Structures are given as C-alpha cells and as structure tokens.
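Subject: Structure for you to look at

Hello,

Here is the structure I said I would pass on.

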Amino acid sequence: MKSIIILVLVATAFATNLAAFEKLEKSKLGKTLLNTIAIQMQTGEPLERIFQTLYDLEDRYQNDQREDDAENKAFQGVCDADLAGLNQELANLEQRDTELQATLDELQPVHDQKVGQRVAKLAEKALLQKVIDETTAKRQEENDDFEAQREEFTFVSGVLAEARRLFTDNLQAPAFLQKGASEAVHYTPQVFAQVASHLNAAAHKAGQMKHIRTFGKAIKLMAQLAVKAQQYANQELTGRIIQLIDDLQNQLQQAFDLARKTEDSRRQAFEAYNTLLNRDMNKLNSAIANLEAEIQSLADQLAATHSSQDDNTARHVAKTQQRDDRRAECQQAAYEYQQRRSARDGDRQTVSDLIGHLNTNMRDLKEYIAMRVAAGDTDLSQ
C-alpha cells in the first residue's frame, strides 16, 4: 500500500513538472532555452556551465533592466522639465492675452465715445451750416432785391430826367425854365405829345415793377397833365409838371437813400452775425479735427492690440500643440518602457523558473527531453 502511494506521488509530481515544462515552452525564450539545454545535455556539456549560462543570462536581464530604469528616469525627468517649461510658456501667453484684452476693453469704450462725440459734432456742424446757408441765401435775396430796387429807381430817375430834358430842350425861353423864372416861355405842341408818350410808356412799365409802383402812378398822372397842358396851352400847368418832376426826383433820391441805408444796415448785421457763425464753425471744425485725430490714434492702438492678440493666440495654439506632442511622446516612451519592463520581467522569470527546475527536477527534465526526442521533435535532437 505504501509503495502504491509513493508511485502515485511520483506520478503526480512528474505530471506537475511536465506541465511546467510545457508551460515554459509556450514562450519563445522558454522554448529556445529548453532546446539549448537539451542539446547541451546531449552533447555532454557540464551541468555547471549550463547553470552559469543561465545565471549570466539572469544577471544580464537585471543589468539591462537597471540601465533601462535609469534611462527612463532620466528621459521622463527631461519630459517633466520640458512640459513644465511649455506649461509656463502657455501660462505666460494666457497672461499676455488677459493683458491685451484688458487694453482692448479700456480702449474700445473710449474709441466709441469719441466716435459718438464726432457724430454729435458733425450733426451740430450740419445744423450750423444750414443756418449759415439759410442766412447767406437770405442775405443774397436781400442784396438781389436791393439791386433790383436800384435798377428800378435808376429807371424812374432816367424817365424823369428824360421828361425834363424834353421840356428844357424844346421850350424856348429867355431864362431856361429855371425855378421861379418870371419871363414868358414858348412851346411847341409836339413836345407835350413826346412827353406824354414817354411818360405813358414809362408808367406802364413802372406799374409792373415791385418797388416803384407808387412812382408809376405819379408818372401816369404827369402824362395826363402833359396832355392837358397841350390841350389848354396852360403855361402854369407846364411849370407844375416840371416842378412835379423835380419833386419826384427828390422823393426818389430820398427813397433810394433810405433803401441804401436799410441795405447797409442789413449788410452790417449780416457780416456781424456771419462772423459769429464762422467763429462757431471754426471751433466746430477744430473740435472735429481733434476728435478725428484722437479716433485715428485710438483706432491705430486698437488695430495694433488686435494684431498682437491674434499673434499671441497663434503662438498659444502652436505652443499648445507642441506641449501636447511632447506629452504624447513622453507617454509613448513611458508605455514602451513599461512594455519592455514587462517583457524583460517575463523573460527573467522564465530563466529563474528554468534554473529552479534544473536544481530540483533535473531527472524529470531529462525524461521530458527524452520524450520529446522520441516523439520526433527535431529541435531537441543533435
């Protein structure tokens, strides 16, 4: 019974070791090592040399891992420094953007305020220009009216002077129809007809004028008197006509003098008022020019600040991409390091397990190799 138990235990142990050997062969390194050991054992290689080879391999894995650890630590340290520097640059760019935005927030309201003031000043200028235009137009109308009045007065004066000339040139008298002359005068009937015709034509034209309609009526009256003087050969009536002409000339001159005085007063008032308007216009133009200069200066500052902000934003985008690329590079390096470490740990464990089997299960390993050779595994044959 005891023998049976021992046999069962031995069989169980062999099966366990067999499973361990098969597990080793599942990895590329484990299969290669088993094949190498099998060949060395079949060629009579001393067991000590086989163990030394495995110990050397185990040491090499440990040394490689230490070097890889050091290199990874150094590389990740550089990564940390690089990322810290890039993050600081990004923070500086963000701070710069905040400062630029603060400048924009400060300049834009001032610019808008100045623009609003300019709009108000332009509206004020437009109103003032309208007043100037209207005042100038009114003054021009007044001046045109005065010039028309001058022409009308000149016309009437000429009519009266011509009527008197007809009398004085055609009536024969020792004393030339002077005012208060006592000598008798003689006339020709034609002169009355000429004077009447001349005065009637002038009266009709004067009646259509604006400023001398009253004089037109007087001229027409004189024409009628000239006809009566011709009909009745009334020397006294003739003298009255001439006296009326002189009186009308005086009244005409007085009326024109009054019109000229009124015109001079209007012109002086206009010039004084226009001086004030032009002074106000000059002030407005100066204020508008100053505002436009300030607006242009503010616009230039805004444009420069926007340009700086755009450049800062572009640099931030580029720096962010650089930071992200560097972070990805560092993360990839860390991943690859971890993969190498895991692979190296697995290989080192395979070597360690194989050393353990050689120390404790050499007989089972030899039987396992013999079984593989018998099964036709050419990798384990010489």
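A disulfide joins Cys-79 to Cys-330, with 2.0 Å from S to S. The model is a predicted one. Cys-79 belongs to helix 3 (residues 47-170) and Cys-330 to helix 6 (residues 235-360), so the bond ties together parts that are 251 residues apart in sequence. The link is left-handed, at -95 degrees about the S-S bond. Both Cys-79 and Cys-330 are buried. The count of disulfides is one.

Next, the aromatic rings. A pair of aromatic rings is described by two things, the distance of the centres and the angle of the planes. The count here is two aromatic pairs.

Phe-146 and Phe-256 form a stacked pair, 5.8 Å centre to centre with 20 degrees between the planes. Phe-146 is in helix 3 and Phe-256 in helix 6, so this pair ties together parts that are 110 residues apart in sequence. Phe-146 is buried, at 4% relative accessible area, and Phe-256 is buried at 10%.

Phe-153 also pairs with Phe-256: the ring centres are 5.6 Å apart and the planes lie at 75 degrees, so the pair is edge-to-face. Phe-153 sits in helix 3 and Phe-256 in helix 6, so the parts tied together are 103 residues apart in sequence. Phe-153 counts as buried, with 6% relative accessibility. Through these ring pairs, Phe-146, Phe-153 and Phe-256 are linked into a cluster.

One last item concerns a charge and a ring. The charged end of Arg-60 sits over the ring of Tyr-61, 5.8 Å from the ring centre.

Regards

Notes:
Residues are numbered from 1 along each chain as its sequence is written. This is a predicted model: local features need pLDDT of at least 70, side-chain atom pairs count only at pLDDT 80 or more; totals for chains, interfaces and linings use all residues. Side-chain values use heavy atoms; hydrogens and water are left out. A disulfide is a pair of cysteine sulfur atoms within 2.5 Å. Helices (H or I, at least four residues) and strands (E, at least two) are DSSP runs, numbered from the N terminus. Buried means under 20% relative accessible area, exposed over 50%, partly exposed in between (1.4 Å probe, protein chains only). Rings of Phe, Tyr and Trp (its six-membered ring) pair if their centres lie within 6.5 Å; planes under 30 degrees apart count as stacked, over 60 as edge-to-face and the rest as tilted. A charge sits over a ring if NZ of Lys or CZ of Arg is within 6 Å of the ring centre and within 35 degrees of the ring normal.
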